[in-house]
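Hi everyone, thanks for coming. Let me put today's protein on the screen, and then we can walk through it together.

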Amino acid sequence: MQVFNRIKDAFIWARTVVPMEKRNVFVVYFFILAATVLDNLNTAIGFTLQGNIQESFHTDSSTASWVVSAYALTMGSFILIGGKLGDIIGPHNLFLMGLSSMSFFALICAVIPTSDSIIVLIVFRAVKGIGASALVPSTLSLAANYFKGDKAKYLQGAVVAFIVAMTSIFGVGIDRKSVV
């Protein structure tokens with residue numbers, strides 16, 4: 001538990017480097033939306049890479065599809081837990097923890113040798129999905145935190161931008177070869 005308190009304290013310190021009144025909330029929210037797009041790109045890109053994964057790991061298509069499914073399943077399953085965790089530790093901390101863990105496990109997935117079993121890739125993609133599940137509830141909470149007071153008139157646009165960021169990427173990850 002002491003390790004988590006140190007991580008939380010580091011995130012709190014990082015947020016105080018630039019005071020809130022000096023931040024441009026539109027720029028900050030743009031980067032939050034960019035992280036959300038990258039989160040969804042992780043799901044969509046799996047559809048495109050499924051054939052390559054199948055070929056590289058010498059497996060069948062049903063096993064290779066678990067690489068995509070494991071990520072999507074754990075991400076969707078842990079969103080509710082991520083929302084409650086955001087209530088406890090704060091949406092900023094949850095967002096940074098989710099983004100950090102997602103990035104860390106993405107690096108691990110990238111360096112898994114194809115000589116290993118595909119099960120290793122499936123497990124790490126599933127754990128990566130748990131980290132990614134923190135981004136969805138924290139992004140909406142951050143929008144509500146940033147766009148209040150005199151900026152409340154932009155909240156509706158921020159939520160629409162979030163929905164567009166969540167849904168627009170799925171057309172990018174599907175190529176013609178994976179559909180045919």
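Before we begin, one term: helices (H or I, at least four residues) and strands (E, at least two) are DSSP runs, numbered from the N terminus. What we have here is a predicted model, where local features need pLDDT of at least 70 and side-chain atom pairs count only at pLDDT 80 or more, while totals for chains, interfaces and linings use all residues. Residues are numbered from 1 along each chain as its sequence is written, and side-chain values use heavy atoms, with hydrogens and water left out.

Let's start with the overall picture. The protein chain has 9 helices and 0 strands. Its C-alpha trace spans about 55 × 40 × 25 Å along the principal axes. Of the 180 residues in the chain, 34% are buried. Here buried means under 20% relative accessible area, exposed means over 50%, and partly exposed is in between, with a 1.4 Å probe and protein chains only.

Now find the loop between α2 and α3 (61–77), because a definition of helices as DSSP runs is what lets us place His58 there. Is His58 buried or exposed? At 72% relative accessibility, His58 counts as exposed. Most residues other than glycine have a negative phi. His58 is not a glycine, yet it has a positive phi of about 55°.

Lys151 is partly exposed, at 27% relative accessibility. How far apart in space are Lys151 and Val25? Their C-alpha atoms are 9.2 Å apart, although 126 residues separate them in sequence.

Helix α7 itself covers residues 135–146, and Leu140 sits in it. Leu140 is partly exposed too, with 37% relative accessibility. From Leu140 to Ser101, 39 residues apart along the chain, the C-alpha separation is 19 Å.

On to the pockets. On a 1 Å grid over the protein atoms alone, a pocket is an open set of points where a 1.4 Å probe fits, with protein on both sides within 12 Å along at least five of seven lines; lining residues have an atom within 4 Å of a point. Grid points are joined across faces, edges and corners, and a volume is the space filled by probe spheres set on the points.

The largest pocket has a volume of about 470 Å³. Its lining has 20 residues, and Phe4, Leu85, Ile89, Leu94 and Met97 lie nearest the centre. Which helix gives the most to that lining? The answer is α5, with 6 residues. By class, the lining holds 12 nonpolar, 7 polar and 1 charged. For these classes, Ala, Val, Leu, Ile, Met, Phe, Trp, Tyr, Cys and Pro count as nonpolar, Asp, Glu, Lys and Arg as charged, and the others, Gly among them, as polar.

The second largest pocket holds about 330 Å³ of space. Of its 17 lining residues, Leu49, Ile53, Val67, Cys109 and Leu121 lie nearest the centre. Here α2 gives the most, with 7 residues. This lining has 10 nonpolar, 5 polar and 2 charged residues.

To finish, go back to the start of the chain. Ile7 lies in helix α1 (residues 2–15), and Ile7 is partly exposed, with a relative accessible area of 34%.
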